[in-house]
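Work through the exercises below with the model open. Try each task before reading its solution.

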Amino acid sequence: MTTTATEQAAVRKDSPGAADGPRRRPGRIRRIGLPYLLLLPALILELLVHLVPMVIGVVMSFKELTQFYIRDWGTAPWAGLDNYAMSVDFNAPVGEALLHSFLVTVAFTLLSVGLCWLIGTAAAIAMQDTFRGRGLLRALFLVPYALPVYAAVITWVFMFQHDNGLVNHVLHDQLHLTDKPSFWLIGDNSFYALLTVSVWKGWPFAFLIVMAGLQNIPRELYEAAALDGAGVWQQIRRITLPSLSAVNQVLVLVLFLWTFNDFNTPYVLFGKAAPEAADLVSVHIYQTSFVTWNFGAGSAMSVLLLLFLLIVTGVYLAVTSRGRRPADA
């Protein structure tokens, strides 16, 4: 038995596979490290484009950086938490204006996200059944999302014109719903104009995501529900919406972050000075930084906005994940 074991050990030692075993490890390590090496350029670019400016913005929020220190912002005096204290002092003009802008942004975001999700989900469900012209309608629904933001919003600017805009022509001249042509880009109506453009531009994205999620629901579930006597609304309530819970969780979060941080739409629609009724936080921070030249206060407002979005995102993910855990178990 000892001789046999010794011979087997000698055969294993002299076999080619035994000699090549240690040599395979470097090649395996190289194969494992190759994906990380390929991701390194993107990671470096991400650091340069996002993280480095973010760190610089945080540093700027602790400085008294005004137009007098633009050429060499490193020499700006250290302000500590003064910029943050000024931003959250709601009894002072700066804090009061920021609070008003924040409340307007919250109302605008909730309405825009809710309408985008509702319209997108309804359109996606309607497009599930096969009928003639379905492909054409799907393509047309995605046009607002595919158009460049500036081209689409500028078109709406012309449509909202007071004297010769299409909106007033339809509402006042044809349908006679208003006593006189309305000013849509100034005053309180500016909020509804901004909401209209945001929903028109955002609901095709919700339509696209929900339509993709509906492809994973087996048609047999609907057929079985129909045999049991379930109507359309019962099928949507009992089958469609529960099956789309994971998709809706991500969709609502993405729409919320995009809408709350939206700058292009109000800036192109109203210019540098947005009306008070449509003064979103993004435009308000821009005005504080690049109109009044108070980059320190603008950076502090940006950091506060980032912290708010991080908290809301964390709470939202915690609540939605806890609600889905029993169903997944």
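**Exercise 1: Q287**

Leaving aside neighbours within four places in sequence, Q287 is in contact with K272, A273, A274, D279 and T292; contact means heavy atoms within 4.5 Å. This is a predicted model, where local features need pLDDT of at least 70, side-chain atom pairs count only at pLDDT 80 or more, and totals for chains, interfaces and linings use all residues. Residues are numbered from 1 along each chain as its sequence is written, and side-chain values use heavy atoms, with hydrogens and water left out.

Solution: 
- Step 1. Find the helix. Helices are DSSP runs (H or I, at least four residues), numbered from the N terminus.
- Step 2. Check the accessibility. The classes are buried under 20% relative accessible area, exposed over 50% and partly exposed in between (1.4 Å probe, protein chains only).
- Step 3. Q287 and A274 are 13 residues apart in sequence, and their C-alpha atoms are 9.3 Å apart in space.

**Exercise 2: N168**

Task: Find the helix that holds N168, then its accessibility and its contacts.

Solution: 
- Step 1. N168 belongs to α8, residues 166-174.
- Step 2. Its relative accessible area is 4%, so N168 is buried.
- Step 3. Skip the neighbours within four places in sequence. The contacts of N168 are then Q161, H162, D173, P181, S182 and W184.

**Exercise 3: positive phi**

Task: Where do H176 and W293 lie, and how exposed are H176 and W293?

Solution: 
- Step 1. H176 is not a glycine, yet its phi is positive, near 55°. H176 lies in the loop between α8 and α9.
- Step 2. H176 is exposed, because its relative accessible area is 60%.
- Step 3. W293 is also a residue other than glycine with a positive phi, near 60°. W293 lies in the loop between α14 and α15 (295-328).
- Step 4. W293 is at 39% relative accessibility, so W293 counts as partly exposed.

**Exercise 4: the whole chain**

Task: How many helices and strands does the protein chain have, and what share of its residues is buried?

Solution: 
- Step 1. The secondary structure comes to 15 helices and zero strands. A strand would be a DSSP run of E, at least two residues.
- Step 2. Of the 329 residues, 33% count as buried.
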